[in-house]
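Notebook open, structure on screen.

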Amino acid sequence: MAKGQISVQTENIFPIIKKFLYSDHEIFLRELVSNAVDATSKLKTLATLGEVKDEIGDTTISISVDKDAKTLTISDKGIGMTEEEVMKYLNQVAFSSAEEFLSKYQNQAQIIGHFGLGFYSAFMVASKVEVITKSYKEPTSAVRWICDGNPEYEIEPHSKEQRGTDIILHIAEDSTEFLEDSRIESLLNKYCKFLPIEIQFGTKTETSYE
């Protein structure tokens with residue numbers, strides 16, 4: 001009897017994500033915010049262990065909508081990624097950096113999300129996704145990863161100076177409801193109200209979630 005491991009082909013995964021992975025497309029926001037919380041929680045854990053050189057400062061996760069550009073952006077000030085980590089985590093569908101992190105710091109961190117298929121849920125509502133990220137590790141340079149929902153991607157240097165990750169969703173024509181402030185605010189109240197990291201949407205203090 002032979003045994004083997006099923007290989008997921010990226011050219012087949014995008015239609016599955018778009019149509020079948022989740023029954024409700026709104027779940028994408030919960031997944032992406034969970035990843036941002038995950039990255040921030042990792043930074044705090046590393047800071048308590050003395051593995052972060054500078055003060056971590058403000059760790060608020062921010063969410064913004066640009067109706068003119070038709071984009072929704074989720075920004076965190078967490079651990080960020082190096083170019084090598086982007087190649088490893090974003091280009092290997094269903095690879096979980098959270099599991100790898102927990103195996104090393106299993107008694108010191110509570111990780112919510114998995115930076116695998118959870119990240120790719122962005123393609124349920126976006127025609128293109130950009131990830132701009134800079135690692136907390138020094139010296140390191142920021143990178144920009146771009147994918148328009150097929151197996152091809154681009155990666156290039158970026159001028160981002162602050163540690164963390166910006167995920168920019170170019171919202172698809174069939175998902176423009178997620179460009180409405182009221183829709184995003186309702187989803188944050190539904191899925192993200194009790195997460196351990198402060199989340200801010202808009203400029204008013206009352207639109208922050210803790």
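I started with Lys190, which is exposed, with a relative accessible area of 54%. For my own reference, buried means under 20% relative accessible area, exposed over 50%, and partly exposed in between, with a 1.4 Å probe and protein chains only.

Before going on, I noted that this is a predicted model, where local features need pLDDT of at least 70, side-chain atom pairs count only at pLDDT 80 or more, and totals for chains, interfaces and linings use all residues. Residues are numbered from 1 along each chain as its sequence is written, and side-chain values use heavy atoms, with hydrogens and water left out.

**Salt bridges**

Which residue does Lys190 form a salt bridge with? I found Glu26, with the closest N and O atoms 2.6 Å apart. (A salt bridge here is a side-chain nitrogen of Lys or Arg within 4 Å of a carboxyl oxygen of Asp or Glu.) This pair links distant parts of the chain: Glu26 sits in the loop between α1 (10-21) and α2 (27-48), Lys190 in helix α6, and they are 164 residues apart. Helices (H or I, at least four residues) and strands (E, at least two) are DSSP runs, numbered from the N terminus.

Arg183 is partly exposed at 22%, and Glu177 is partly exposed at 38%. The structure holds 12 salt bridges. Another one of them joins Arg144 and Glu156, closest N and O atoms 2.5 Å apart. That pair ties strand β4, with Arg144, to strand β5, with Glu156, 12 residues apart.

**Helix α6**

The buried residues of α6 (residues 181-191) are Ile184, Leu187 and Leu188. Seen down the axis, they fall within an arc of 100°, so they line one face of the helix; the arc is that of the directions from the helix axis to the C-beta atoms. Ser182 and Lys190 are exposed on the other side.

**Arg163**

Next I went to the loop between β5 (153-158) and β6 (164-171), where Arg163 is placed. I did find the backbone oxygen of Lys77 2.8 Å from a polar atom of the Arg163 side chain. That side chain also reaches the backbone oxygen of Gly78 at 3.2 Å.

**Aromatic rings**

Rings of Phe, Tyr and Trp (its six-membered ring) pair if their centres lie within 6.5 Å; planes under 30 degrees apart count as stacked, over 60 as edge-to-face and the rest as tilted. I get 5 aromatic pairs by this rule. Phe119 and Tyr120 have ring centres 5.2 Å apart and planes at 85°, so that pair is edge-to-face. Tyr120 and Phe123 come out at 5.8 Å and 25°, so they are stacked. I have Phe119 as buried at 1%, Tyr120 at 4% and Phe123 at 5%. Ring pairs link Phe119, Tyr120, Phe123, Trp145 and Tyr153 into a cluster.

Last entry: a cis peptide bond joins Glu138 and Pro139, with omega about -5°.

Key
A polar contact is a pair of N or O atoms within 3.5 Å; within protein, one must be able to donate a hydrogen and the other to accept it, and residues adjacent in sequence count only if both atoms are side-chain atoms.
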